[in-house]
Amino acid sequence: MKKILLLDSNFSSLPIYNYLIQLDYTVYTIGMNKLDILCELNKDFHLHEDYSNLSALKNIIDKYNIDLFLPGCNDLSYEMCVKLNDYYNVIQIESLKNTQIINTKNLFRQFTNSNDIPSPKLIEVGEINSFDRVIIKPCESYSGKGVTIIEKSRYLSSLEESIEYAKKNSRDNNFLIEEFVEGELFSYSCFIKNKKVIESFVVKEKCLLNQFRVDTSYFDYKFLENIKTEIKTEIEKISHLLDLKDGLLHLQFILDRNFDFYFIELTRRCPGDLYSLLIKKSTNYEYVKNYVNCLIGLNFEEVEIINRFVLR
């Protein structure tokens with residue numbers, strides 16, 4: 001029986017874990033939080049280690065004769081699997097260069113701006129007076145941590161404080177400033193094959209308790225087809241520009257009142273908060289299976305898509 005190491009023990013990775021068990025792998029999980037569900041559920045094969053430590057991961061793989069490794073539902077787990085694969089070359093995962101462009105907010109914004117991909121404008125500190133509102137973000141963070149919106153009237157009093165706040169919440173102690181785009185938040189989650197989108201889903205996302213953190217969402221089967229087509233074109237443009245591998249591509253975008261869209265963030269790992277189950281229960285699509293299959297070299301699973309309303 002083959003052994004596989006899942007770099008994440010959070011509840012969001014439970015569907016991934018369950019599918020790997022179905023594939024008859026011996027599944028090792030890793031994570032430091034003893035309260036994580038997979039820490040308890042998989043206690044015989046759980047490793048209480050920090051998976052941000054590359055040398056420790058290599059030692060674990062060699063010690064336990066791990067055949068494969070997989071990212072869970074956060075950027076760090078994906079990044080570490082990319083770095084491991086540079087050494088072991090056993091899974092079909094993105095390159096480190098592409099991962100850094102996609103996952104690092106300032107690099108992704110530079111990429112979108114320089115390639116005419118619809119997105120907010122990246123702003124230098126000296127340019128902010130040309131904008132009525134700006135948003136300041138950590139370059140490497142998640143769930144809206146360290147993000148501030150500033151009105152033009154508060155630039156003098158709040159800019160420095162907001163920059164420091166963003167830097168403190170960034171793994172690389174770096175920040176970016178971009179124009180603030182007002183509109184509704186959506187995600188466009190798709191699977192690409194040979195750089196073409198073969199299936200996609202638009203989800204309406206709401207931030208009820210924290211304006212920078214999604215806590216409610218649903219599959220929007222009535223989303224405008226012409227806008228989906230335009231987004232698909234841009235995703236395939238990105239796929240060709242970066243020479244992306246087959247698999248999942250997950251986008252957050254804002255749609256304004258004029259029906260113009262702006263790419264906010266992109267990732268190649270499985271989204272958190274049981275997003276995969278939302279898609280599965282809403283559409284019947286094998287989201288987790290195809291996420292895993294692409295990484296370990298198995299075929300896509302195709303099903304007939306249905307439209308069922310499910311609120312996450």
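Analyst: A salt bridge here is a side-chain nitrogen of Lys or Arg within 4 Å of a carboxyl oxygen of Asp or Glu. This is a predicted model, where local features need pLDDT of at least 70 and side-chain atom pairs count only at pLDDT 80 or more, while totals for chains, interfaces and linings use all residues. Residues are numbered from 1 along each chain as its sequence is written, and side-chain values use heavy atoms, leaving out hydrogens and water.

Let's look at E178 and R109, whose side chains meet in a salt bridge at 2.7 Å, N to O. The two come from distant parts of the chain, 69 residues apart: E178 is in strand β8, and R109 is in helix α6 (residues 105-114). Helices (H or I, at least four residues) and strands (E, at least two) are DSSP runs, numbered from the N terminus.

Now follow E178 into its sheet. In β8, E178 is the bridge partner of L122. Strands β5 and β8 (residues 175-179) pair in the antiparallel sense over two bridges; two strands pair if DSSP finds at least two bridges between them. The whole open sheet has four strands in the order β5-β8-β6-β7, with antiparallel pairing. Strands β5 (122-123) and β7 (148-151) stand at the edges with a single partner strand each, so one side of each has no neighbour in the sheet.

For context, a search of the whole structure finds 18 salt bridges.
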